[in-house]
Amino acid sequence: MKVGFTKLSTIDYPNEICSVIFFPGCNFRCGYCHNIDVVKGKVDYELNEVLEELKEDYQIIPAVCLSGGEPTLYKDLPEVVAYLKNLDFLIKLDTNGSHPELLEKLKPQLDYVAMDIKGPLRKYQAIANYNNIENIKKSVEIIKTLPDYEFRTTVSPSFLAPEEIQEIAVLLKGAKRYVLQGFKNTPFYKAEEPTTEWLNEIAQNIRSHFSEINVRGGR
Ligand code: SF4
């Protein structure tokens, strides 16, 4: 099994340095995807060798982020999580929320989960070419019971209107943390990049739904 691997990242685990394992493949097709090589399976590292290397590093790197693509597509993910937990790593899972049963199973071992919310449920087909909305709803409810987590949405005025972000806020109401990420153009997908002011204004309008709301990016 081959994966992508970044040994040191300062942006993929809240307030910790971490290693990141990128699992290939994804069951969504978001036009704005920034990890299209990983989605297409263009990855170079043997998972076993990465896990072996992490065994050497656990005293200097406190956390591992399991990302993708979509890591929950990998059937042996529970074994990977158990192995890393056994080495005392903090574990973060990045997910699109399409596998609530696996999320439920992994829940006790996860220290942080970041779930992408692509848009209001009725727009999942248009944005991500995915239509099992029940899975998304179940994952949201499971994640809301975790001690630490975030929901996050990539936002551009080209594909999400402020009223649609309001709809997302209602879906997530009561959540601990919500992040609005400013869309950035990719070589394959061009749309309007939002300004920081626009993102902040939307954040201000939905603030009451969350314990914490953050804005990342924006021009
Ligand atoms: S869910 Fe994430 S990895 Fe999958 S296509 Fe969408 S942006 Fe890319």
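Student: What should I know about the model before we start?
Tutor: It is predicted: local features need pLDDT of at least 70, side-chain atom pairs count only at pLDDT 80 or more, and totals for chains, interfaces and linings use all residues. Residues are numbered from 1 along each chain as its sequence is written.

Student: OK. How is the protein chain divided?
Tutor: Into domain 1 (1-120) and domain 2 (148-219). Those bounds come from an automatic or database domain assignment. The two centres, taken over C-alpha atoms, are 23 Å apart.

Student: Now the core. How many residues are in the largest nonpolar one?
Tutor: 57. Ile21, Val64, Ile91 and Val113 have the most contacts inside it. Such a core is a set of buried Ala, Val, Leu, Ile, Met, Phe, Trp, Tyr and Cys residues joined through C-beta atoms within 7 Å. Buried means 20 or more other C-beta atoms within 10 Å of a residue's own, exposed means 12 or fewer, and partly exposed is in between; C-beta atoms are placed from the backbone.

Student: Where does this core lie?
Tutor: Both domain 1 and domain 2 give residues to this core, so it lies between them.

Student: What is Val113 in contact with?
Tutor: Leaving aside neighbours within four places in sequence, Val113 is in contact with Leu93, Thr95, Ile143, Leu146 and Tyr149.

Student: Switching to helix H7. Which residues are buried there?
Tutor: H7 spans residues 162-172, and its buried residues are Ile165, Ile168, Ala169 and Leu172. They cover an arc of only 105° around the axis, so they sit on the same side of H7. That arc is of the directions from the helix axis to the C-beta atoms.

Student: And which exposed residues are on the face turned away?
Tutor: Glu163 and Val170.

Student: What covers the buried residues of H7?
Tutor: The cover includes helix H6 (133-143), strand E7 (149-155), strand E8 (177-182) and helix H8 (196-206).

Key:
Helix = DSSP H or I, 4+ residues; strand = E, 2+ residues; numbered from the N terminus. Contact = placed C-beta atoms within 7 Å.
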